[in-house]
Amino acid sequence: MSHPSLRAPTTAPGGWRWPSPNRSPRPDLARHAARPAEAMGSGIHWVRTLMSKGPQRLAPSHLRHQPANASVPSLHLIALDTSGSMRAGGRLAKAKGYAARLIEQAARAGDHVALLCFGGQGVELLLPPGPARAAGSARVRPVGGGGGTPLSACLAEAERLLRNAQRPRGMGGTNCLWLLTDGRTLEQPVAPAAAGHIVVVDFDDRLRPIGRCAAWAERWRAEHRLPA
């Protein structure tokens, strides 16, 4: 999976990892964190560890463990911006690499994944919700870019998919939305209510940022991350 700095087999784009439960301080949006009783499980849950780590350097306190009796996997829905603006400065290539790592990390964690692309061709579901497979990252490589940014339509579809994947309370599992975009749209999107956790990965121009990704994250009470 990819995020600000996670190297190694258990690292992701930019060197990050996945997240989980514990009594230690959690990001505001980590409402999906497992209960303290679940903190000691069998093996590390990299998706939750990644969310716990955020932009910080990985530390032992960030590690989250698989619940010993976990039976319901988390769903990580990746929304990849393929609009024309993402082609500038190699942003789309970086975002595709980030998405591919997320899929691979989800596969290692035994979680589910889904992949939505939104751009000039509209909103396309490349990977429907289901068990993550490392081979699924290959679906990202041929993705091209161009056209406008139908972000609101993408988030509406994400809401539908996440709502369909919701589990009864107490059954475990978490729905997480990863939005990979440069924020180059005038739309005022509404965050999917069915997402238990949202991470906005900001691929905006570092030299001349417009700051929309950070603004959305603040309004949605989501995590805002910069790819390494």
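Colleague: Leaving aside its neighbours within four places in sequence, with which residues is Gly 144 in contact?

Modeller: The model is predicted, so local features need pLDDT of at least 70, side-chain atom pairs count only at pLDDT 80 or more, and totals for chains, interfaces and linings use all residues. Residues are numbered from 1 along each chain as its sequence is written, and side-chain values use heavy atoms, with hydrogens and water left out. Contact means heavy atoms within 4.5 Å. With neighbours within four places in sequence set aside, the contacts of Gly 144 are Thr 82 and Leu 92.

Colleague: What separates the C-alpha atoms of Gly 144 and Gly 119?

Modeller: Gly 144 belongs to the loop between S3 and H3. Along the chain, Gly 144 and Gly 119 are 25 residues apart. The separation of their C-alpha atoms is 9.2 Å.

Colleague: Which pattern does the protein chain follow along the sequence?

Modeller: Helices (H or I, at least four residues) and strands (E, at least two) are DSSP runs, numbered from the N terminus. The protein chain has four helices and six strands. Read along the sequence, their pattern is α-β-α-β-β-α-β-β-α-β.

Colleague: What is the order of the six strands in the open sheet, and which strands stand at its edges?

Modeller: Two strands pair if DSSP finds at least two bridges between them. The pairing in this open sheet is mixed, and the order is S3-S2-S1-S4-S5-S6. Each edge strand has a single partner strand, so one side of it is left without a neighbour in the sheet; these edge strands are S3 (122-131) and S6 (223-225).

Colleague: By how many degrees are neighbouring strands of this sheet turned against each other on average?

Modeller: Axes are lines fitted to C-alpha atoms, for helices over the stretch in contact, and angles run from 0 to 180 degrees between N-to-C directions. For neighbouring strands of this sheet, with direction ignored, the average turn is 15 degrees.

Colleague: Strands S2 and S3 are joined by bridges; which residue in S3 is the bridge partner of Cys 117?

Modeller: Strands of a sheet pair through backbone hydrogen bonds, either parallel or antiparallel. S2 (residues 112-119) and S3 run antiparallel and are joined by seven bridges, and a hairpin of two residues connects them. Leu 115 has Leu 127 as its bridge partner in S3. For Cys 117, the bridge partner in S3 is Glu 124.

Colleague: What angle does the direction of helix H2 make with that of S1?

Modeller: Helix H2 (residues 91-109) packs on the sheet and touches S1 (75-81), S2, S3, S4 (175-181) and S5 (197-202). The angle between the directions of H2 and S1 is about 170 degrees.

Colleague: Which strands does helix H4 touch as it packs on the sheet?

Modeller: Helix H4 covers residues 212-220, and its direction makes about 165 degrees with that of S5. The strands touched by H4 are S4, S5 and S6.

Colleague: Within what arc do the buried residues of H4 fall?

Modeller: Buried means under 20% relative accessible area, exposed over 50%, and partly exposed in between (1.4 Å probe, protein chains only). In H4, the residues Cys 213, Trp 216, Ala 217 and Trp 220 are buried. The arc is that of the directions from the helix axis to the C-beta atoms. Seen down the axis of H4, the buried residues line one face of the helix because they fall within an arc of 100 degrees.

Colleague: What is the phi of Arg 221?

Modeller: Most residues other than glycine have a negative phi. Arg 221 lies in the loop between H4 and S6 and is partly exposed, with a relative accessible area of 48%. Although Arg 221 is not a glycine, its phi is positive, at about 60 degrees.

Colleague: Which residues have the most contacts inside the largest nonpolar core?

Modeller: A nonpolar core is a set of buried Ala, Val, Leu, Ile, Met, Phe, Trp, Tyr and Cys residues joined through side-chain atoms within 4.5 Å. The largest such core has 26 residues, and its largest share, seven residues, comes from H2. The residues with the most contacts inside this core are Ile 78, Leu 115, Trp 178 and Leu 180.

Colleague: Is Ala 195 buried or exposed?

Modeller: Ala 195 is in the loop between S4 and S5. Leaving aside neighbours within four places in sequence, Ala 195 is in contact with Leu 162, Asn 175 and Leu 177. With a relative accessible area of 11%, Ala 195 is buried.
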